[in-house]
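Please open the model in a viewer and keep the selection panel at hand.

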Amino acid sequence: MNWKKILVLLVSFGALLVSTTAYADKKIQVTVPTDSDTKPFTYKEDGKFKGYDIEVVKAIFKGSKKYDLTFKTIPFSSILTGLDAGRYQMAANDFNYNEERAEKYLFSDPISKSNYAIAAKDGKNFDSLNAVSGKSVEVYSGSNYAQILENWNKKHSDQKPIDIRYVANSVTLPQRLQNIEKGNVDFLIYDAISLKTVIKDQDLSLTVTDVEDKLGTDKDGLEFLLFPKDEEGKALQKFVNKRIKVLQKNGTLSKLSQKYFGGDFSTKAK
C-alpha cells in the first residue's frame, strides 16, 4: 500500500471539502440603494439608516442564511439606473406602481398603503387635480407624481394645464414644501404619510388634503420594493414576498407602521 498516495488523496479530499463548505457558506450580497431623504420611509439620523422601509427590509433579511444585506445612500435618480446596471439587487424608497416601471422591474407584495394628498397654503383645500388646474407644482422628472400630472394635462387639454416645474433630485421634499409656504409654487402632490410627517417636523403652515380622484389603478397608494427583472431578481422577489407575509401575520409591519407613521398603514396578508 502506497501511504504517500493515500496521504495525498486525503489531503486533497480535505481541501476540497473545506473549499465546498466555504463556498456553501458564502452569502449572496444584497445592496439596497435609497436616497435617505424620504422621511419617514427612509432617512438618516446620526449617520445611521432609519425609517419604515429600512426597518422592514432589515426584518425581511433578519436571520437569513442565504443573503447578506447592505444599504447605500445615492441620489433618487440613480436608484433605478443602478438596478439596470446590476450594481444593486433591490430598491427601497417609497416606490409606487406604474405601468412603465412594471415593464422593467419586478414588484414585491405591498408593504404599506397610504393615499395621494395635496399640500397647499393653510386654508386651501385642493382635493382633486381639477382643483389645481392652472396652478404650479415642483416634481422630480420620471417620478410617479410627475407621470400622474403629465397624464392629467394630456387628458384635460380643454382646461388650463397644471404648471409642472421639474426640479433636481437634490431639491428635497422639505425644500419643496417650504417653497409652497414662500409662495414660489402653489401645491405639491405626494403621499399623505410623508407630507404630514415633514410638515409637522418642519413646523410649516400648510394644509394637507386627501385626493378624492382615482388617479391610476387599484394599486394607487400602495408601496413596493423593486427588483431587476431577471432570474436573480425573481429568486429574491420570492424570498422577500414569503418574508413579508410572515411580517404581516406576526404584526411586525403594523408595529413599524405605528412607530414611523403614527398609525397602522401596513398591508394585511391575503
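Select H9 (residues 252–261); its buried residues are Leu253, Leu256, Ser257, Tyr260 and Phe261, where buried denotes under 20% relative accessible area, exposed over 50% and partly exposed in between, with a 1.4 Å probe and protein chains only. Helices (H or I, at least four residues) and strands (E, at least two) are DSSP runs, numbered from the N terminus. The model is predicted: local features require pLDDT of at least 70 and side-chain atom pairs count only at pLDDT 80 or more, while totals for chains, interfaces and linings use all residues. Residues are numbered from 1 along each chain as its sequence is written, and side-chain values use heavy atoms, with hydrogens and water left out.

An α-helix has 3.6 residues a turn, so residues three or four places apart point the same way. Lys255 and Lys259, on the other side of H9, are exposed.

Next, display the surroundings of H9. Its buried residues pack against E3, E4, helix H2 (52–61), strand E8 (112–113), H7 and helix H8 (231–249), with contact meaning heavy atoms within 4.5 Å. Just after H9, Gly262 adopts a positive phi of about 75°.

Move to H7 (residues 192–202), in which Ala192, Ile193, Ser194, Leu195, Thr197, Val198 and Ile199 are buried. These residues pack against strand E6 (91–95), E9, helix H6 (173–182), E12, E13 and H9. Just after H7, Asp203 takes a positive phi of about 55°.

Then select strand E9 (residues 116–121), where five of the six residues are buried. E9 pairs in the antiparallel sense with strand E12 (residues 187–191) over five bridges, and with strand E13 (residues 206–210), also antiparallel, over five bridges. Two strands pair if DSSP finds at least two bridges between them. Centre the view on Ala119: its bridge partner in E12 is Leu188, and in E13 Ala119 stands opposite Val208.

Now colour the aromatic rings. The whole structure holds 14 aromatic pairs; rings of Phe, Tyr and Trp (its six-membered ring) pair if their centres lie within 6.5 Å, and planes under 30 degrees apart count as stacked, over 60 as edge-to-face and the rest as tilted. Tyr116 and Tyr145 form an edge-to-face pair, 6.0 Å centre to centre with 85° between the planes. This pair links Tyr116 in strand E9 to Tyr145 in helix H5 (residues 144–155), 29 residues apart. Both Tyr116 and Tyr145 are buried. Elsewhere, ring pairs join Phe41, Tyr52, Phe261 and Phe265 into a cluster.

Finally, turn to the open sheet of three strands in the order E2-E3-E4, with antiparallel pairing. Its edge strands are E2 (37–38) and E4 (48–50), each pairing on one side only. E2 and strand E3 (residues 42–45) pair over two bridges, and the partner of Asp37 in E3 is Tyr43.
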